[in-house]
Amino acid sequence: MHICYYIVYIDQDLFNKKFINRVTKQEFKPSYRLIFQWMMSHHQIVMSLTLIGAVMGAVLFLFWFYHFFFLAMKNSTTNENHKYSQLKSFMRWRGKQVAKEKELE
């Protein structure tokens with residue numbers, strides 16, 4: 001992430017440059033989308049690693065968030081949580097079955 005910041009703001013100073021379409025010679029002001037496209041075409045490895053790192057970081061954060069705030073605050077484990085949800089599901093299903101049996105009688 002820091003290397004992308006270095007390339008965009010310090011090394012290349014992309015937000016203060018004009019981008020020109022090579023075919024039509026039309027000038028464009030830099031936007032985040034245009035700079036992202038430029039970075040993907042000129043620095044593929046850096047951008048690929050940055051995107052993979054961002055996705056993996058988000059997944060790890062969500063994993064941590066689930067385990068800390070959801071499970072730890074309930075003082076349970078993943079296995080206990082799964083077993084109780086299966087039990088609740090079975091009890092709902094069994095309640096529906098008992099209601100159907102009473103209707104038939």
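1. Let's start with how helix α1 packs: the buried residues of α1 pack against α2 (32-42) and α3. Buried here means under 20% relative accessible area, exposed means over 50%, and partly exposed lies in between (1.4 Å probe, protein chains only). Helices (H or I, at least four residues) and strands (E, at least two) are DSSP runs, numbered from the N terminus. Please keep in mind that this is a predicted model, where local features need pLDDT of at least 70 and side-chain atom pairs count only at pLDDT 80 or more, while totals for chains, interfaces and linings use all residues. Residues are numbered from 1 along each chain as its sequence is written, and side-chain values use heavy atoms, with hydrogens and water left out.

2. Which residues of helix α1 (residues 2-11) are buried? They are Cys4, Ile7 and Val8. These residues cover an arc of only 85 degrees around the axis, so they sit on the same side of α1; the arc is that of the directions from the helix axis to the C-beta atoms.

3. Two residues deserve a look for their backbone angles. Most residues other than glycine have a negative phi. Asp13, although not a glycine, has a positive phi of about 50 degrees. Asn75 is placed in the loop between α3 and α4 and counts as exposed because its relative accessibility is 71%.

4. Now to Asn81, in helix α4 (residues 78-104). Is Asn81 buried or exposed? Asn81 is buried, because its relative accessible area is 18%. Its side chain makes a polar contact with the side chain of Tyr66 (3.2 Å), and another polar contact, of 3.3 Å, joins the side chains of Asn81 and Lys74. A polar contact is a pair of N or O atoms within 3.5 Å; within protein, one must be able to donate a hydrogen and the other to accept it, and residues adjacent in sequence count only if both atoms are side-chain atoms. Leaving aside neighbours within four places in sequence, Asn81 is in contact (heavy atoms within 4.5 Å) with Tyr66, Phe70, Leu71 and Lys74.

5. On the surface, Phe61, Leu62, Trp64, Phe65, Phe68, Phe69 and Met73 form a nonpolar patch, with about 750 Å² of accessible area together. Such patches are made of residues with over 30% relative accessible area and no salt bridge, with nonpolar side chains (Val, Leu, Ile, Met, Phe, Trp, Tyr) joined within 5 Å and like charges within 9 Å. Accessible areas come from the Shrake-Rupley method with a 1.4 Å probe, and for residues only the protein chains shown count as cover.

6. How many salt bridges does the structure hold? There are 2, a salt bridge being a side-chain nitrogen of Lys or Arg within 4 Å of a carboxyl oxygen of Asp or Glu. Lys18 pairs with Glu27, with the closest N and O atoms 3.6 Å apart; Lys18 is exposed at 63% relative accessibility, whereas Glu27 is partly exposed at 48%. Arg94 and Glu101 form a salt bridge through their side chains (4.0 Å, N to O).
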